[in-house]
Amino acid sequence: MSDIDADKVRARASLLAEGRWRWPEVLFWAVAASLFFLVPTKLTLLSEIMILGLLALSIDLVLGFAGIVTLGQGAFFGLGAYTAALMAKHGYGAAPLLGFIPINDPLLGLVGGAIVAGIVGFATSFLVLRGSDLTRLMVTLGVALIVEELANKLKWLTGGSDGLQGVLPAPLLGKWDFDLYGQVAFIYAFVILFVMFLVARQLVNSQFGMSLKAIKQNSLRSRTIGMPVNARLVTVYTIAAMFAGVAGAMLAQTTQFASPDMVAFHRSADALLILIFGGAGYLYGGLVGAVVFRVMQDFLGGITPQYWQFWLGVVLLLLVLFVRGGILGLLRNGRDKFFPKSGKD
Amino acid sequence: MLTILFDGVAYGMLLFVLAVGLCVTLGLMNFINLAHGAFAMAGGYLTVLLLNRYGVSFYLCLPAAFIFCGILGAVLERTLYVRLYDKSHLDQVLFSIGLIFISIASVDYLMGASQQIVNLPSGLQGRMEVLGASIGVYRLFVIVICGLLTIGLQYALSKTRFGSRLRAAVDDGRVARGMGIDVTRIFSVTFAIGSALAGLGGALGTGILSLDPSFPLKYMILFLIVVAVGGTSTITGPFFASILLGVADVFGKYYDNILEPLGKLIGVELPGIGAFTIYILMVVVLIVRPQGLFVRGASR
């Protein structure tokens with residue numbers, strides 16, 4: 001009996017140790033926040049990067065931690081975007097919720113986007129449980145394509161391929177309007193990203209997160225030691241869908257627009273690439289990847305505007321052939337090489 | 001009605017020729033090659049180039065596309081794909097998405113972003129009446145060619161020495177290797193043939209499918225559906241899956257507004273079903289039979 005208790009104590013201690021903040025993390029967020037003052041002319045781009053980062057983070061939850069290959073995270077992103085956009089459009093001037101929260105309130109829009117994306121994520125998660133990587137790939141892709149077609153075809157609701165105009169979110173917290181320079185948008189995106197990141201961090205360093213890693217390594221063994229594998233996968237898929245929904249809602253609110261482009265295949269593919277650039281399974285991979293991706297897009301797109309896609313493909317090939325684990329994987333390998341740790345990692 | 005069925009079958013047959021290479025490579029090497037459509041696009045563009053710019057006969061373009069894409073496939077397999085076999089599915093997916101991006105951008109650069117139109121030879125234009133159905137000569141041509149190819153493939157697979165080696169390798173690669181079958185070589189040859197068939201399909205399909213730089217992405221999902229529904233262990237599975245999808249898609253597009261009366265009834269403008277038919281079909285199939293419709297018990 002005491003053995004088991006000792007094990008429990010050890011397990012809890014190791015979870016706590018995993019969850020401790022280290023100085024590179026603090027530095028990362030400090031630098032991110034200071035960009036507000038360092039590059040005040042690029043705030044719109046920075047908010048976009050943070051939104052992309054949040055989307056990639058949501059993929060990291062399913063791919064990096066639970067090992068589900070998905071090409072359809074864009075579906076949830078788009079659902080969140082359309083939900084928030086519709087709430088902001090039709091909530092303008094409508095009777096407020098509970099008498100004091102306007103329907104087009106940005107934070108309420110985030111909640112709405114998360115709920116809608118979560119519901120669809122939950123409903124489709126059962127499809128993802130079955131079959132091989134290929135089946136999962138196809139089902140996620142199929143769901144994303146259906147959502148995209150719906151956004152295109154349900155003209156009365158979504159405005160079709162012209163997109164949804166007249167998206168007017170209420171001022172943030174009733175005080176700050178989204179301004180032209182993107183200052184409010186930056187702070188908004190930063191705070192939401194940070195909060196969502198904390199949630200994700202808490203999640204993967206909990207017992208739940210540990211069980212996900214176990215499932216990723218060997219789902220059969222996890223099942224035999226009594227882990228509810230399917231329930232865990234459904235949960236994480238739904239949570240990730242909600243994360244993507246929040247990201248989409250933020251994009252719709254800060255750009256005051258929603259279009260089928262936000263659901264399109266290239267959203268899902270880009271976000272997956274961003275995560276792979278940065279490195280899956282670190283939580284920070286998506287964020288680092290988003291920065292590199294957008295900076296590269298600006299740089300390469302500046303040299304040959306239309307053919308950014310070409311170079312993206314080339315980088316992708318090189319990445320798969322020669323670099324394992326993305327940028328953070330490289331950094332970790334470098335660290336292990338130059339500062340070898342004594343004992344176990 | 002018969003006309004729609006006929007068009008559907010023609011579309012399905014074409015789909016089969018396009019996708020069969022993907023099925024075999026997936027079954028043989030467990031390799032997810034999303035860039036399969038890029039070979040079909042190469043075949044299609046080669047045809048456009050030869051036909052419209054150099055005036056080569058359409059009938060000569062078909063074997064040219066077949067050979068060109070076969071060589072292209074063989075070269076890429078030996079130089080690039082071979083490094084990916086022992087990597088994870090995720091790596092393979094990313095790799096082939098990278099290839100798709102490169103092919104799209106290259107074609108865009110070389111040929112322009114607009115949709116390409118081929119002038120079919122006069123012998124293939126027009127329609128004729130058979131049993132009260134109006135049949136396009138071109139579609140009949142497609143059906144005949146694809147039908148012959150299917151029979152040829154089935155024969156090669158079931159009767160020749162290469163075919164039996166291939167089947168052995170698909171069933172159990174390790175044992176086949178142990179029996180002295182050179183699985184790597186078989187795979188190279190199969191990959192080349194699969195690419196060649198895709199190229200031929202792309203060339204044949206120039207009159208049915210819309211050919212523009214986004215081709216590999218647009219049809220990727222269709223090929224994948226064929227694989228998922230038909231399975232990877234036979235070629236009859238993908239064949240019937242292709243026909244089913246082709247017919248379903250054409251029917252869906254033809255009866256696009258089938259939901260309109262219902263929409264009027266509940267006062268909402270419902271979208272046409274045409275764009276959704278195949279996706280819904282796929283999801284339903286994957287729910288009912290996750291291993292595919294035409295797969296014998298075993299899964300890999």
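The legends below describe close-up views of a predicted model. Local features are reported where pLDDT is at least 70 and side-chain atom pairs at pLDDT 80 or more, while totals for chains, interfaces and linings use all residues. Residues are numbered from 1 along each chain as its sequence is written, chains are lettered from A in the order in which they are written, and side-chain values use heavy atoms, without hydrogens or water.

**View 1. Helix 1 of chain B has a kink centred on Ala19(B).** Helices here are DSSP runs (H or I, at least four residues) numbered from the N terminus. Helix 1 of chain B has 28 residues and reaches 40 Å from its first C-alpha to its last, close to the 40 Å expected at 1.5 Å a residue, where the expected span is 1.5 Å times one less than the number of residues. The kink is about 40°, taken as the angle between axes fitted to the seven residues ending at a residue and the seven starting there. Of the 28 residues in this helix, 24 are buried (under 20% relative accessible area, with a 1.4 Å probe and protein chains only). Just after the helix, Asn30(B) takes a positive phi of about 55°.

**View 2. The largest cavity is lined by residues of chains A and B.** A cavity is a set of points, on a 1 Å grid over the protein atoms alone, where a 1.4 Å probe fits but cannot get out, and lining residues have an atom within 4 Å of a point. The volume of the largest cavity is about 30 Å³, counted as the space filled by probe spheres set on grid points that are joined across faces, edges and corners. Leu134(A) lines this cavity together with Leu22(B), Leu26(B), Ile32(B), Asn33(B), Leu224(B) and Val227(B). Helix 1 (2-29) and helix 9 (215-230) of chain B each supply at least two residues of the lining.

**View 3. Gly121(A) sits in helix 5 (residues 106-128) of chain A.** Gly121(A) is buried, with a relative accessible area of 0%. Leaving aside residues up to four places away in sequence, Gly121(A) touches Phe76(A), Tyr237(A), Thr238(A) and Ala241(A), a contact being heavy atoms within 4.5 Å. Although Gly121(A) and Ala241(A) are 120 residues apart in sequence, their C-alpha atoms are 5.3 Å apart in space.

Methods
On a 1 Å grid over the protein atoms alone, a cavity is a set of points where a 1.4 Å probe fits but cannot get out, and a pocket is an open set with protein on both sides within 12 Å along at least five of seven lines; lining residues have an atom within 4 Å of a point. Buried means under 20% relative accessible area, exposed over 50%, partly exposed in between (1.4 Å probe, protein chains only).
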